[in-house]
Amino acid sequence: MKLTLEELIVHENDDYILINKPPHIASLDERNADKPLSILRLAKAYHADAQLCHRLDKETSGILAIAKNPEAYRHLAIQFEHREVTKRYHAIANGVHDFDSISVYLPISPIKDGTAVKIDRQKGKEAETIFNTLKVYRTNTLVECLPITGRMHQIRIHLMCLKAPIVNDATYGGKPVYLSDLKRNFNLKKDTEEMPLIQRVALHARSLTFTLLDGERTIFEAPYPKDFEVLVKQLEKYG
């Protein structure tokens, strides 16, 4: 199946394309990747002058802004720099948590190979995230995450610090969720291995709010992709 940018678009005007990035696709071209598929490549195939205004982790789904011209890129880059862009993420966390505008302000630095981060009070760069509980289930919590800064893996490590790691985020202590964990008297077919309800970090970039070139402040939302939707539905049903 060949993916095109058109099928990912949630909004487009003369300056910006807003897409709902699927999980498992890198924002930028990866070094040593077998498949050179990235959002940047799809965007350039759709519009030659396209530039990504920010990035999402490969496993993270959700709203991503692409500029169609240099002026639009600069306009949004300045808003990111001045922290005038509101980014809202939804995460499914392990455990039951009651967060009401909880702020985690802990500095972050990359681990040597650059694939993960650690809390580093001496040399880390400042990082802040605000968390709100949206819904509590029997064994999990749907959490709204508002990153004030934009560090790599910031939401993931900050939730770990709150003892609320994201489902299936093995790097930061998250555990998978199986239907057998939720559904009583669950019977697995003989000789089959049960798969987790979501096979990636359960993190979705839900919305992005920024000011367009005409001065209008606008919110852009991305619906849950299928895997995240399935997890939420099963938690609603059994959790």
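Which residues line the largest cavity? I found H54, L56, I63, K87, Y89, A205, S207 and L208. Two elements give two or more residues to this lining: β5 (86-94) and β11 (203-211). β11 gives the most, with three residues. By class I noted five nonpolar, two polar and one charged residues. Ala, Val, Leu, Ile, Met, Phe, Trp, Tyr, Cys and Pro count as nonpolar, Asp, Glu, Lys and Arg as charged, and the others, Gly among them, as polar.

A note on the source. The model is predicted, with local features needing pLDDT of at least 70 and side-chain atom pairs counting only at pLDDT 80 or more, while totals for chains, interfaces and linings use all residues. Residues are numbered from 1 along each chain as its sequence is written, and side-chain values use heavy atoms, with hydrogens and water left out.

Next, volumes. My search of the whole structure found one cavity of 30 Å³ or more. About 40 Å³ of space lies in the largest cavity. The largest pocket holds about 1400 Å³. I kept the terms apart: on a 1 Å grid over the protein atoms alone, a cavity is a set of points where a 1.4 Å probe fits but cannot get out, and a pocket is an open set with protein on both sides within 12 Å along at least five of seven lines. Lining residues have an atom within 4 Å of a point. Grid points are joined across faces, edges and corners, and a volume is the space filled by probe spheres set on the points.

α2 (70-81), β5, β10 (140-147) and α3 each supply at least two residues. Helices (H or I, at least four residues) and strands (E, at least two) are DSSP runs, numbered from the N terminus.

I then went to α3. Six of the eight residues of this helix (residues 154-161) are buried, so α3 is largely enclosed by the rest of the structure. Buried means under 20% relative accessible area, exposed over 50%, partly exposed in between (1.4 Å probe, protein chains only). The buried ones are Q154, I155, R156, I157, H158 and L159. Just after α3, K163 takes a positive phi of about 60°.

S61 came next. S61 lies in strand β4 (residues 61-67). Its relative accessible area is 0%, so S61 is buried. What joins the side chains of S61 and R200? I found a polar contact of 3.0 Å. Such a contact is a pair of N or O atoms within 3.5 Å; within protein, one must be able to donate a hydrogen and the other to accept it, and residues adjacent in sequence count only if both atoms are side-chain atoms. Leaving aside neighbours within four places in sequence, S61 is in contact (heavy atoms within 4.5 Å) with residues including K21, L56, R200, H204 and P225.

I turned to T209, in strand β11. T209 is buried at 13% relative accessible area. Not counting residues up to four places away in sequence, T209 touches E84, V85, T86, R217, T218 and I219.

How many aromatic pairs does a search of the whole structure find? I counted four. Rings of Phe, Tyr and Trp (its six-membered ring) pair if their centres lie within 6.5 Å; planes under 30 degrees apart count as stacked, over 60 as edge-to-face and the rest as tilted. F210 and F220 have ring centres 5.3 Å apart and planes at 35°, so this pair is tilted. F210 sits in β11 and F220 in strand β12 (residues 217-221), 10 residues apart. Both are buried. Y224 and F228 are also tilted, with centres 4.6 Å apart and planes at 50°. Y224 counts as buried at 17% relative accessibility, and F228 at 0%. Y16, F210 and F220 form one aromatic cluster.

Last entry: V232, in helix α5 (residues 226-238). V232 is buried at 8% relative accessible area. Beyond four places in sequence, V232 is in contact with I92, Y137 and Y224. The C-alpha atoms of V232 and L142 are separated by 8.3 Å, and the two residues are 90 apart along the chain.
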